Structures are given as C-alpha cells and as structure tokens.
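Here is a friendly walk through one protein model, going from single residues to the whole chain. Please keep the viewer open as you read.

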Amino acid sequence: MSASAVHSLWTSAVDPIAKIDAPKIEYAQLAPTLIVVGAAVLGILIEGFVPRKSRYYAQLFVSSVALVAAFAAVVALAADGYGTTKAGIAAMGAIAVDGPALFLQGTILLTALVGLFTFAERRLDPQVHGNRVDSFAAQASSVPGSDGEKKAVKAGFTTTEVFPLLLFAVAGMLVFPAANDLLTLFVALEVLSLPLYLLCALARRKRLISQEAAVKYFLLGSFASAFLLFGIALLYGYAGSMSYATIAQVVDGTIAEVDPALVNTMGNDVLLLVGSGLLIMGLLFKVGAVPFHMWTPDVYQGAPTPVTGLMAAATKVAAFGALLRVLYVLLPGLRWDWRPVMWAVAIITMLGGAIIAITQTDIKRLLAYSAISHAGFILAGVIATTPEGISSVLFYLAAYSFVTIGAFAVVTLVRDAGGEATHLSKWAGLGRRSPLVAAVFAVFLLAFAGIPLTSGFAGKFAVFKAAAEGGAVPLVVVGVIASAIAAFFYIRVIVLMFFSEPKPEGPTVAVPSPLTMMAIGMGVAVTVVLGVAPQYFLELAGNAGVFVR
C-alpha cells in the first residue's frame with residue numbers, strides 16, 4: 001500500500017469535528033500552590049544567574065515572601081467563603097478547594113515559614129575561614145572528607161539550593177491533602193518526597209550518617225510509593241476512574257452510567273479491598289504509623305536538624321490530610337472494612353512509639369518515637385468517622401506541628417565540639433547552665449506529654465473526645481495509657497535538665513540569630529495560646545471540617 005493511501009486512511013479515521021477541549025483552570029483558587037511553585041522556579045534561576053555571595057540573601061528573601069504571600073492567598077480564599085459555602089472542585093476535578101484543604105494548607109505554609117528560619121540560621125557554628133556556615137554541606141556533590149570538600153569549605157561555599165528544594169517540597173505538601181483524584185495524589189506525593197530525600201543527605205557534620213539516612217528514606221519511600229501506585233492501578237481497574245467521587249459512587253452502587261468496556265471488572269470486591277489496602281499502606285508510611293515506621297528514627301537522627309523539624313511537622317500535616325480525604329471522600333462506603341484495621345494500627349502505633357521511646361538515648365531518636373506515638377493519637381481522631389473527628393484531627397495537627405518544629409529548633413542550639421550534642425547524657429544540668437533554653441524545651445516536652453494549659457492537652461482532649469463519641473472508647477483507654485507511658489520519658493528529660501549536675505566538659509548553648517529565636521518564639525506562643533484559649537481555634541477547625549464531594 002502506498003504512503004499516500006495510508007495517509008488518507010489515517011486522516012479519514014480521525015473525526016475532524018472532535019476537538020480536544022482546552023483545560024479550564026481556576027488560577028485564583030490554586031494561587032497558594034502556584035505562588036510557591038513559581039518561587040521555587042525563581043530560586044533555581046537565582047542559583048544559575050546570581051553571584052555566589054548574594055545567593056543566600058536572595059533565596060531567603062524570595063522564599064520568605066513566597067510563603068507569606070501563599071498564606072495570604074489561603075486566608076483570602078477562606079475569607080471569600082471557599083472553605084464553606086463556595087467549596088468546590090478546581091482544575092478539572094483534580095484538586096478540592098474546601099475547608100480541610102485550606103486549613104491544612106495554611107498550617108503547612110506557617111510551619112514551612114518557621115522551618116525556613118531554621119534553614120537560614122548561620123550563627124550556631126563557629127566561623128570557618130572567616131565565613132559564616134549553616135547546617136548544610138558546603139558542596140553536596142563532594143565526597144565526605146575529600147580534598148574537594150575541604151576546598152569548598154575553605155572557599156566559603158554554601159548549599160543555597162536547599163531553599164528551592166524546600167519550596168518544591170512545600171508545593172507537593174500543599175497539593176497532597178487537596179488532591180481529589182488518585183493521579184494528582186501520586187504526583188503530589190512524589191513532588192513532596194523527592195526534595196526531602198535530597199535534603200536529608202546534606203548535613204554539614206556527620207555527613208555519612210546523613211547520607212545513610214537519605215538512602216534509607218529513599219529506598220523505603222520508593223517501596224511505599226510503589227505500593228500506593230499499585231493500589232491506584234487496582235482501584236482504577238475496579239471503578240474505571242481516578243476521581244474520588246466516581247470511585248465512591250461505584251463503592252456505594254449509586255453510579256448512574258457504566259462504561260460498557262468495564263462491566264466485567266467493575267464491582268470486583270477483590271480489586272477494591274486490595275487496592276484500597278495498598279493505597280492506605282502508602283499513606284500510613286508517610287504518616288509514620290507502626291508497622292510502616294522503621295524509617296522514622298534513622299532518618300530523623302541522620303538528617304540535618306532543620307530538615308528533621310520540617311519533615312516531622314509539615315509532612316505529617318500533609319499526609320494526614322491526604323489520609324483523611326481518602327477515607328472520608330473516596331472510601332466512606334468501606335467504613336466497616338477499614339475501621340478495624342485502623343483500630344489495630346492506631347493501638348500498636350500509640351503503644352509502640354511510647355514504649356520504644358523509653359529506651360532511647362539520643363534526643364532526636366526520642367523525638368522520632370514520640371512523633372510515631374502522636375501519629376497513633378491522631379489516628380484515633382481519624383477513626384471517629386464524624387465531623388468532630390475531622391475537626392479534632394485538624395486542630396491536633398496545627399498544635400502538634402508548631403511544638404515539633406520549636407523542639408527541633410531548640411535541639412540545634414545545644415552544641416559541643418562535634419556539632420549538635422544530641423546524646424541525652426550531654427543534656428544533664430542544662431537547666432543550670434542555660435535556664436531559658438531548658439525552660440523553653442520543657443514547655444515543648446510538657447505539650448508533647450499533653451499536660452493541661454498546653455496545646456498538646458487541648459489537641460489530645462479533642463481527639464479522644466471525638467473518638468469516644470464515635471464509639472471507640474477502648475481506643476481512648478489505650479490512648480490514655482500510652483500518654484501516661486510517654487509522659488514518663490518526657491518528664492525524665494526535664495528531670496535530667498533541671499535536677500542533674502552539669503558536667504564540666506558538657507555542651508554549650510549557642511546564641512542563635514533572630515531567625516531561630518523567631519522560630520522558637522512562634523513555637524512557644526502557639527503552644528501556650530492553643531493551650532490556654534483553644535476555643536477560637538477549635539471552632540475554626542470545626543468550621544473547616546467539611547469535605548467537598
């Protein structure tokens with residue numbers, strides 16, 4: 001057959017009238033994410049075109065302005081009613097703009113701004129060759145201990161690429177809890193994870209431990225992403241759609257029309273159960289719930305502390321937001337199947353995190369196991385399956401994220417000759433040597449323990465109340481027991497700081513720049529305000545607690 005005949009066959013087979021519709025994008029509703037992505041791209045251009053001496057200030061300025069502007073955009077959307085009456089689906093069904101999405105995005109942006117201040121800190125380490133240094137490797141591509149690294153340190157190089165990486169991770173986190181179809185969920189997961197894998201490997205000191213942490217996180221994160229992706233494929237096979245609403249309709253049996261090509265596989269419960277199980281598994285990995293928690297202590301310990309703080313706070317907020325939307329919007333019809341599994345996960349997460357934390361001797365590992373047990377407490381609110389459950393989880397995430405980032409900011413201040421002194425024995429007598437720093441850290445620990453008049457108590461009370469009203473009273477009993485176990489090791493650290501003799505060769509407390517002071521100050525302020533007067537914020541979370549379907 002001649003080429004012209006083939007060409008005529010091909011052109012006649014295509015319907016000339018059928019046109020591909022241009023996508024309809026609501027740019028104003030997506031403004032928070034677009035601002036952050038735009039700033040991240042601008043950050044890459046700064047790396048390419050701005051002289052090395054000016055990059056740090058340019059990047060810090062661009063990143064700060066972007067996060068503040070994005071937060072302002074979230075507030076403007078909420079004020080315009082997009083969290084309540086105008087809530088809807090944007091970007092052709094890909095992204096939900098509703099109360100939970102805006103509340104979580106606001107929390108992520110504020111947490112990221114506080115995290116940015118700890119990233120930019122340059123006064124804690126002594127000057128090297130007359131240059132101020134931060135927590136990150138002078139030249140990430142050089143082999144630890146090599147001549148290349150020594151030359152980079154001597155030349156005063158700094159890895160300012162951490163700022164655009166932070167912004168890309170935050171952009172992924174903003175989309176993750178708002179994703180309204182499975183493909184968007186997966187893309188957001190990758191966009192938030194890949195920059196974090198890199199950031200974990202960039203510690204200036206203890207670089208080999210840092211790189212080991214990054215490799216562990218990358219490998220285990222890749223497995224979790226694969227489980228999630230396989231779950232998405234099975235759910236697509238089950239419902240013939242990626243959209244949360246369509247899949248929920250197929251689960252409920254309320255779908256109006258069925259694609260004839262999918263009649264044979266649609267409604268196959270095996271695909272639904274295995275697919276949703278794999279999907280939830282991928283999300284529980286990001287949350288750090290037992291038994292998908294093994295990466296958490298190693299990565300928290302090895303990563304640069306500012307990165308650990310950001311991951312522990314912002315990533316958890318984004319992951320729980322995504323988990324809530326999947327369970328409440330995508331799989332409400334499977335409630336009787338996923339609730340028993342979540343009960344088991346919540347119980348072993350609360351108890352496992354609390355019990356193993358008792359044996360820890362490193363402050364960052366202790367905070368990592370503390371984060372695991374907190375994931376269990378938050379899951380208790382998720383299991384409630386009531387509007388109060390959603391709002392209690394939103395409030396807990398907001399309260400927890402600021403306490404966490406403040407606590408890790410304090411960890412960066414306690415230093416010895418090798419950098420941060422994270423071994424617990426080094427913290428003995430810190431209250432006598434530096435009463436203010438020890439007192440601030442004690443406030444954060446009391447909030448983690450859930451002592452009254454701290455944000456931790458208000459958060460735990462809200463979550464446990466919602467769980468009890470949702471019929472999960474045994475879970476609340478386990479939660480209270482786990483809280484009591486956890487209180488033991490938090491109080492132990494406070495006793496160590498205030499009632500032990502300081503060692504003569506003990507660590508010093510570095511005087512930070514105003515940036516870290518602001519980060520710690522914001523953490524203390526939020527902890528106290530949410531503890532003493534939580535009502536306004538509980539109502540805010542309550543008003544934001546309705547998912548658009």
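## Backbone details in the loops

M92 sits in the loop that links strand 1 (88–90) with strand 2 (95–97). Although M92 is not a glycine, its phi is positive, at about 55 degrees. M92 is also exposed, because its relative accessible area is 57%; the classes are buried under 20%, exposed over 50% and partly exposed in between, with a 1.4 Å probe and protein chains only.

Before going further, a word on the source: this is a predicted model, in which local features need pLDDT of at least 70 and side-chain atom pairs count only at pLDDT 80 or more, while totals for chains, interfaces and linings use all residues. Residues are numbered from 1 along each chain as its sequence is written, and side-chain values use heavy atoms, with hydrogens and water left out.

K206 is another residue other than glycine with a positive phi, near 50 degrees. Its place is the loop between helix 7 and helix 8, and K206 counts as partly exposed because its relative accessibility is 46%.

For a peptide bond to inspect, go to V290 and P291: the bond joining them is cis, with omega about 5 degrees. P291 belongs to the loop between helix 10 (269–287) and helix 11 (295–302).

R204 lies in the loop between helix 7 (182–200) and helix 8 (207–239). Is R204 buried or exposed? At 16% relative accessibility, R204 counts as buried. Its side chain reaches the backbone oxygen of F136 at 3.2 Å. That is a polar contact: a pair of N or O atoms within 3.5 Å, where within protein one must be able to donate a hydrogen and the other to accept it, and residues adjacent in sequence count only if both atoms are side-chain atoms. Setting aside residues up to four places away in sequence, R204 touches D125, V133, D134, S135, F136, A137, A138, V153 and F157; contact means heavy atoms within 4.5 Å.

A152 is part of helix 5 (residues 147–154). With a relative accessible area of 2%, A152 is buried. Not counting residues up to four places away in sequence, A152 touches A138, Q139 and F157.

## Around helix 19

M497 lies in helix 19 and is buried, with a relative accessible area of 0%. Beyond its neighbours within four places in sequence, M497 is in contact with several residues, including W427, G429, L430, G431 and R432.

E501 is in the loop between helix 19 (473–499) and strand 5 (508–509). With R432, the side chain of E501 makes a polar contact of 2.8 Å.

| Pair | Separation in sequence | C-alpha distance |
|---|---|---|
| A152 and L192 | 40 residues | 29 Å |
| E501 and G431 | 70 residues | 9.6 Å |
| M497 and D181 | 316 residues | 49 Å |

T412 is found in the loop between helix 15 (387–411) and strand 3 (414–416). T412 counts as buried because its relative accessibility is 6%. Leaving aside neighbours within four places in sequence, T412 is in contact with L124, T305, P306 and E420.

## The whole chain

How many helices and strands does the protein chain have? There are 21 helices and five strands. The C-alpha trace spans about 85 × 60 × 40 Å along its principal axes. A compact globule of 549 residues would have a radius of gyration near 24 Å, and the protein chain agrees, with 24 Å; the radius is taken over C-alpha atoms, and the globule rule is 2.2 Å times the number of residues to the power 0.38.

Buried residues make up 58% of the 549 residues. Of the contacts with a separation of 6 or more, 80% are between residues 24 or more positions apart.

Terms used
Helix = DSSP H or I, 4+ residues; strand = E, 2+ residues; numbered from the N terminus.
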